[in-house]
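Student: I am new to this structure and would like a close look at a single part of it. Could you pick one residue, tell me about its surroundings, and then widen the view to the chains?

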Amino acid sequence: MSEPLLEVRHLKKYFPTKSGMLHAVDDVSFSIEEGKTLGLVGESGCGKSTTGRVILRLHEATDGEVLYRGKNILELSPREMREMRRKMQIVFQDPYSSLNPRMSVKSLIEESLLQRSRGMSSAERERRVLAIMDLVGLERRLAHSYPHELDGGRRQRIGIARALILEPEFVVLDEPVSALDVCVQAQILNLLMDLQKELKLTYLFISHNLSVVKHISDQIAVMYLGKLAELADHETIFRDPKHPYTKALLSAIPIPDPTAHPDRIILEGDVASPINPAPGCRFRTRCRWAMPECAESCPELMPNGNSIVACHLYNGGQK
Amino acid sequence: MNDFLRIEDLTVEYRSGRRHVHAVNSLDLQVGEGEALGFVGETGAGKTTTALSILRILPNPPAKVLSGKVIFKGQDLFQLSEREMRAIRGEEIAMIFQDPMTSLDPVKTVGDQICEMIQLHQRCSKKEAWQKAGDMLETVGIDRNRAGEYPHQFSGGMKQRVVIAIALSCRPSLLIADEPTTALDVTIQAQILELMKDLKKQYQSSMIMITHDLGIVAEICDNVAIMYAGCVLEYGSVFEIYKDPRHPYTRALFDSIPDVNRDQERLKVINGLPPDPTDIPAGCPFHPRCPHCMERCKTEKPEAVHLNETHWVKCFLAREEGRRAHE
């Protein structure tokens, strides 16, 4: 097994609110090997985007460690962190609101170079911008267009170009295809996979869409209310989901086959509030197998077969 | 032919300045009684515009219906007076919009919002209406004691349930649902779809389900219309469309969804983008992106080829394509 490029240990992010502490990310640990993709799935509000942002220190973590090639980046000075960000980039969900409407495609892509590579000649910058536009499949003639003139797929390509021009090693993809139509979504997914192979990138792919995550990820982590419920490689999690939440989530995907009659697990109620969560398992209020001990203590992530699961059903060995 | 709902040669345009956006182009469709029809297509295919023109709630200007008829239970809706039309909206045909956060009034209690619909169409006292509103909330799985609460006190899934309760409160015979679960999480989406399936059985109403998710259509609908650039390119029962898609666009649509039950190295993609609606290509609207494009596709509009009673395709290769696929 190769060394993990990124290792997250006991990461916590709490936001103070009027009604109490909001536990957005609560003790999350995982690692990503170099050149691989970890898919982080969960429903809205489960803390998946916050996790991505805390790793890049766009939010400061409340507690925990983020080791990048063995070095805890949460302890870096702002100056060292700026240098680090060259290697760690992010692509945002909404290509409509994450691009400055008053900047042309060329200046949008060039912007990151201006910030990070002072002293680079403008001819060199231009060469780099055009090269990256070729790489992500943006036609060169669009260099002087503005974001509003382009469709969602092209805008997302700008977002990818902006992230990749600094030649990063690690990219957080925060719902990069959720705002796109299926056909365009397929184009962008293929592009991301090609780029990964070509540039040996490591991805943290955040999404609520399980079929997309399965397609692109090597490993998948399922998150529920700030905690990891299950972590496994992408085949295992679909073939043999262990955590009751993973099972419900998988069964909820509508299958494009009218003859399929999925055995659907309908979860009762809504996600509980992440503000001052009660002790015990976060999922127990909606879990059909909830036991008395689920209310008492929070299950730890434990290896089970090929997966790592946080559920009392598996910790006692019974099921 | 049934006369429940029939759309004939509908053409709708949006006009802004000198630009004419051709949103819907001579569309023909039918929906039978008790049938659920899925409208599938990408953004800008004209799905919502078609739905809005059935109810005659297109913003005019900029939208303009250039031609066509919408025949509902034997009468042409476009010929009715505004007053007659108002009696149909909500009572006969109701609509569920995509975003439950914006389709509810934030300063009225949900109970009042359901009452509003009931009192508009039925002669009854406020007390009776309130009683019925409570019943409707229970039907969609919300405690009737919450009728006095405001939309912001509900979660997204609950709000969509309220919207469904309003739409169903007058027992419409046709329900148009415009991407009813797109704004919701998968587990909540599963709850709402389950609810809609139950209600459809219980109320026996017809439904038009507008969506871009082929999974949802497979679950809820009887028939599917695949829309592209304001036209229907293929129409058939879900079984026909999912087992034997004939139009190259329909196939491309299926190929571009990652399949959870299969491992794929790469997704097949169609190159290019849907056409600019101000400038729809001559001939078959899909020809610039079609892998099987021939000379005649560029100039001639393909007529519907009927493969059997329910399944038709607008493609010159409809029969051949099928043969090739079976070989």
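Tutor: A:Q196 is buried, with a relative accessible area of 12%; buried means under 20% relative accessible area, exposed over 50%, and partly exposed in between, using a 1.4 Å probe and protein chains only. This is a predicted model, in which local features need pLDDT of at least 70 and side-chain atom pairs count only at pLDDT 80 or more, while totals for chains, interfaces and linings use all residues. Residues are numbered from 1 along each chain as its sequence is written, chains are lettered from A and ligands numbered from 1 in the order in which they are written, and side-chain values use heavy atoms, with hydrogens and water left out.

A:Q196 sits in helix α6 of chain A; helices are DSSP runs of H or I with at least four residues, strands are runs of E with at least two, and both are numbered from the N terminus. Leaving aside neighbours within four places in sequence, A:Q196 is in contact (heavy atoms within 4.5 Å) with A:G35, A:K36, A:T37, A:L201, A:T202 and A:Y203.

Now for the meeting of the two chains. Here, 40 residues of chain A are in contact with 41 residues of chain B. Across this interface the rule finds two salt bridges, a salt bridge being a side-chain nitrogen of Lys or Arg within 4 Å of a carboxyl oxygen of Asp or Glu. One of them joins B:E219 to A:R264, with the closest N and O atoms 2.8 Å apart. On the side of chain A that touches chain B, the elements giving two or more residues are α6 (182-199), α7 (210-216) and α8 (234-239). Of these, α6(A) gives the most, with eleven residues.

Finally, a look at chain B. Its secondary structure comes to eleven helices and twelve strands. Along its principal axes, the C-alpha trace of chain B spans about 65 × 50 × 40 Å. Of the 327 residues in chain B, 55% count as buried. Among contacts in chain B with a separation of 6 or more, 63% come from residues 24 or more positions apart.
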